[in-house]
Amino acid sequence: MCRRLAASGVFRRFSGDSRGMTASTVAGLLSSEPTAKPRQELLLPRVSYLTLVTDKVKKHFLKVIKADDVEEMWFEYEGTPLKWHYPIGVLFDLHATNTVLPWSITVHFKTFPDGDLLHCQSNSVIEAHFMSSIKEADALKHKSQVVNDMQKKDHKQLWMGLQNDKFDQFWAMNRKLMEYPTEEGGFRYIPFRIYQTMSDRPFIQKLFRPVSPEGNVHTLGNLLKEMYPSAIPNDGEPKRFQVVIHGIEPLLETPLQWLSEHLSHPDNFLHICVIPVPTD
C-alpha cells in the first residue's frame with residue numbers, strides 16, 4: 001500500500017541572519033492509484049525531516065485506505081528508500097537535484113525495509129537523533145563546552161524551534177553554537193558530511209580544521225581535494241560532479257569556516273552532496 005509525494009521548489013524562508021535554517025521545499029502528496037487521486041499540498045522546510053509530517057500524511061490518506069492497512073510509514077524515490085534521519089533538503093539534493101519539479105516520491109504504509117532504514121515510531125526518536133547530532137557537532141567545534149553549558153530547556157528550545165519551523169526560537173540558542181574566539185579564526189574542527197550516490201558508504205566524515213597549521217584559510221576545494229579528490233576535475237578535464245550544498249553549488253574558493261557558519265543545517269553539520277553531472 002503506497003501513495004505518491006511530490007516536492008517542488010526551493011526558496012528563502014527566513015530574513016536577516018539566516019545561518020542554520022535557510023530554505024524550504026514546496027511539496028505535495030499524490031495518490032499513485034488511478035482510481036483514487038487525492039492530493040495534498042505541503043510546505044516542507046529543507047532543514048526538517050520527513051518523519052515530522054507522517055501524522056499529517058497518514059491522516060490525509062486514511063480517507064482512501066483502511067486503517068488496518070497502515071503500519072509504519074516510510075518514503076521511497078525511484079526504488080531507493082529515503083533515510084528519514086537525513087534532512088529533507090539533503091535527500092532532495094542527493095537524489096533529485098537535476099529532476100524536473102515537482103519531486104515525486106512514494107509514501108509506503110507497509111513492508112518496512114528494515115535492512116535500509118532506521119525505525120522511527122515517534123517524534124522523540126527524531127528529537128534524540130537531532131540532539132545527538134548537535135552534541136557531536138559541538139564536540140568537534142568547541143570540545144562540547146557550549147552544549148554542556150546549556151540547560152535541558154535550552155536543548156528543548158533548539159528542538160522545538162526546528163520542529164515548529166520557528167527560526168527566532170531556534171536561533172536564540174543556536175547562535176551560541178556558532179561562536180568562536182576571534183583569535184582562533186574559526187571552529188576547532190568543521191562538522192561536515194559528504195554524501196555520494198555512487199557508493200555504499202553512507203557519507204564521508206573526518207577531522208578537518210578551517211585553518212591550516214600555517215594559518216591559511218581552508219576552502220571547500222581544500223576539503224574536497226583531501227576527502228574526495230575525484231570531485232574536482234584536473235586542468236583540461238570536463239566537469240564530472242556537482243558539489244551541492246542547500247541546493248546551490250558554492251565556489252570551491254569559498255572559505256570552509258564561512259560555509260559552516262552560514263550553510264550548516266540546524267544539526268550544525270555542513271551537508272555536502274556530490275552528484276554526477278547530468279549527461280542529457
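How much accessible surface does the protein have, and what share of it belongs to carbon and sulfur atoms? The total comes to about 13,700 Å², and 50% of that belongs to carbon and sulfur. Keep in mind that we're looking at a predicted model here. Of the 280 residues in the protein, 52% are buried. The secondary structure amounts to eight helices and nine strands. As for how the chain meets itself, take the contacts with a separation of 6 or more: 65% of them link residues 24 or more positions apart.

Let's start with helix H2, residues 88-96. Eight of its nine residues are buried, so H2 is largely enclosed by the rest of the structure. The buried set runs through Ile88, Gly89, Val90, Leu91, Phe92, Asp93 and Leu94, and it also takes in Ala96.

Next comes helix H3, spanning residues 123-142. An α-helix has 3.6 residues a turn, so residues three or four places apart point the same way.

On the H3 side, the residues involved are Phe130, Ile134, Asp138, Lys141 and His142, and they meet Phe170, Lys176 and Leu177 of H6. Sorted by class, this contact has four nonpolar, one polar and three charged residues. Just past the end of H3, lysine 143 takes a positive phi of about 55°.

Tyrosine 180 is partly exposed, at 29% relative accessibility. In sequence it sits 38 residues from histidine 142, yet the two C-alpha atoms are 8.0 Å apart. Setting aside neighbours within four places, tyrosine 180 is in contact with Gly185, Gly186, Phe187, Gln257 and Glu261.

That list leads us to glutamine 257, which lies in helix H8, residues 256-263. Glutamine 257 is buried, with a relative accessible area of 6%. Beyond its neighbours within four places in sequence, glutamine 257 is in contact with Tyr180, Gly185, Gly186, Phe187, Ile190 and Pro210.

Threonine 111, in the loop between strand E6 (103-108) and H3, isn't a glycine but still has a positive phi of about 55°. Asparagine 268, in the loop between H8 and strand E9 (270-276), isn't a glycine either, and its phi is positive at about 75°. Which is buried and which is exposed? Threonine 111 counts as exposed, at 65% relative accessibility, whereas asparagine 268 is buried, with a relative accessible area of 0%.

Terms used
Residues are numbered from 1 along each chain as its sequence is written. This is a predicted model: local features need pLDDT of at least 70, side-chain atom pairs count only at pLDDT 80 or more; totals for chains, interfaces and linings use all residues. Side-chain values use heavy atoms; hydrogens and water are left out. Helices (H or I, at least four residues) and strands (E, at least two) are DSSP runs, numbered from the N terminus. Buried means under 20% relative accessible area, exposed over 50%, partly exposed in between (1.4 Å probe, protein chains only). Contact means heavy atoms within 4.5 Å. Accessible areas come from the Shrake-Rupley method with a 1.4 Å probe; for residues, only the protein chains shown count as cover. Axes are lines fitted to C-alpha atoms, for helices over the stretch in contact, and angles run from 0 to 180 degrees between N-to-C directions. Ala, Val, Leu, Ile, Met, Phe, Trp, Tyr, Cys and Pro count as nonpolar, Asp, Glu, Lys and Arg as charged, and the others, Gly among them, as polar.
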